[in-house]
Amino acid sequence: MPVNLGLVGSGIIARFHIRALQGSDGRIATVCDVIEPAGRALANELGARYEPDYAKLLADPDIQAVLLATPNHTHFDLAKAAIEAGKDVFCEKPMTTNPQDSAELVRLVREHPQQIFQVGYMKRYNPAFRMVKEFLPQLGDLMAAHIRVIVGSRPRQAVAAASWHGDPAKAGGGILFHSGSHLMDVTRMLFGDPVRVDSRIIADPAEPRRELSTMTLLEVEDGPPVYFSTLYTSIPKVGHTQQGWEETVEIIGSEGRVFLSSPNWEGTFPCIVTVQIGEESQTRTIYPPEDSQWALEFRAFVDSLQTRRQLHPDVVDGYKVDETLAAIVESAAERAPVTLHWRI
């Protein structure tokens with residue numbers, strides 16, 4: 001039986017959600033957006049109902065779950081209201097713009113354990129990133145990891161003026177929050193929780209809360225030292241497909257090495273994984289399956305709605321990313337290591 005979903009927001013990321021749901025048991029029954037022309041147009045396109053009032057959407061007994069595809073600063077209030085209304089939630093990343101709000105969502109979800117709450121870190125479902133994790137046991141003792149994203153950017157003024165993404169009050173920050181949050185979730189997936197961070201940040205002179213470059217040494221709970229970096233650059237056509245995006249994961253152990261290159265955040269072009277294990281004299285290049293990370297993510301979400309089995313990334317995963325990002329910012333401000341103290 002189809003699962004009726006309420007889509008909140010009608011921007012770019014909402015379009016990825018819509019395409020990802022095709023072929024699944026999930027159905028967008030209602031579109032909610034405070035910008036009526038955009039919301040109504042998308043609802044008409046989908047054959048769905050348009051509802052401008054979020055409270056009325058939550059009161060609709062036919063809606064089982066809400067998909068929050070809205071600016072970052074709205075996530076907390078929208079998710080809180082949905083949990084209290086008894087709805088399941090898919091919340092885009094980052095879960096909130098500060099760890100205090102994220103910890104509060106953890107508390108609320110724990111008070112409603114019957115409800116499903118998933119965070120939109122779709123790279124957990126990307127076949128290439130999963131392949132890296134599968135190779136870890138073959139690498140021997142893990143010695144070092146380097147996890148990095150470089151994003152080709154327009155001039156700072158254009159980024160700031162383009163949308164809410166350029167406003168740290170709405171986005172939470174700059175490159176660290178937009179792109180680094182994904183890779184922090186990947187870091188936790190691979191190695192477990194961060195224990196301590198030591199960071200340096202170069203910020204936009206016009207807006208100190210907007211990071212342009214970050215470099216962090218992470219100590220993790222069960223893994224090697226991790227060098228974690230995020231960077232905006234004006235270099236054109238970075239990445240192995242020259243799309244202005246280069247996301248890499250490199251892990252070296254006593255018995256081998258694995259390296260992943262991802263060419264765009266959308267996951268619409270293939271990643272490359274290279275690996276050398278043991279006494280292999282040559283590096284092998286592997287092209288992982290091109291299964292859509294979005295379709296796999298939403299297939300898992302809809303399955304969890306039907307089976308009532310909570311999957312990752314859940315509300316705790318979302319919180320721990322947000323807490324770690326805040327620690328990175330704090331460490332850079334103090335120019336000293338910061339130990340993670342979980343609030344949950």
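**Aromatic pairs and salt bridges in the predicted model**

Phe16, Trp265 and Trp294 form one aromatic cluster. The model is predicted: local features need pLDDT of at least 70, side-chain atom pairs count only at pLDDT 80 or more, and totals for chains, interfaces and linings use all residues. Residues are numbered from 1 along each chain as its sequence is written, and side-chain values use heavy atoms, with hydrogens and water left out.

The structure holds 7 aromatic pairs. Rings of Phe, Tyr and Trp (its six-membered ring) pair if their centres lie within 6.5 Å; planes under 30 degrees apart are stacked, over 60 edge-to-face, and the rest tilted. Phe90 and Phe301 form an edge-to-face pair, with ring centres 5.4 Å apart and planes at 70°. Phe90 lies in strand E5 (residues 88-91) and Phe301 in helix H10 (residues 293-307), 211 residues apart. Helices (H or I, at least four residues) and strands (E, at least two) are DSSP runs, numbered from the N terminus. Both Phe90 and Phe301 are buried. Buried means under 20% relative accessible area, exposed over 50%, and partly exposed in between (1.4 Å probe, protein chains only).

Within the cluster, Trp265 and Trp294 pair edge-to-face, at 6.1 Å centre to centre and 80° between the planes. Trp265 lies in the loop between strand E12 (256-262) and strand E13 (272-277), and Trp294 in helix H10, so the pair ties together parts that are 29 residues apart in sequence. Trp265 is partly exposed, at 28% relative accessible area. Trp294 is buried, at 5%. The charged end of Arg19 sits over the ring of Phe16, 4.8 Å from its centre. For this, NZ of Lys or CZ of Arg must be within 6 Å of the ring centre and within 35 degrees of the ring normal. Lys320 likewise has its charged end over the ring of Trp342, 5.1 Å from the centre.

The structure also holds 23 salt bridges, each a side-chain nitrogen of Lys or Arg within 4 Å of a carboxyl oxygen of Asp or Glu. Asp185 and Arg124 meet at 2.7 Å, N to O. Asp185 lies in helix H9 (residues 175-191) and Arg124 in the loop between strand E6 (117-119) and helix H6 (127-135), so the bridge ties together parts 61 residues apart in sequence. Asp185 is buried at 1% relative accessibility, and Arg124 at 12%.

Arg188 bridges to Asp193 at 2.9 Å and to Asp317 at 3.0 Å. Asp317 lies in helix H11 (residues 315-334) and Arg188 in helix H9, so this pair ties together parts 129 residues apart in sequence. Asp317 and Arg188 are buried. Shared partners join Arg124, Asp185, Arg188, Asp193, Asp317 and Lys320 into one salt-bridge network.
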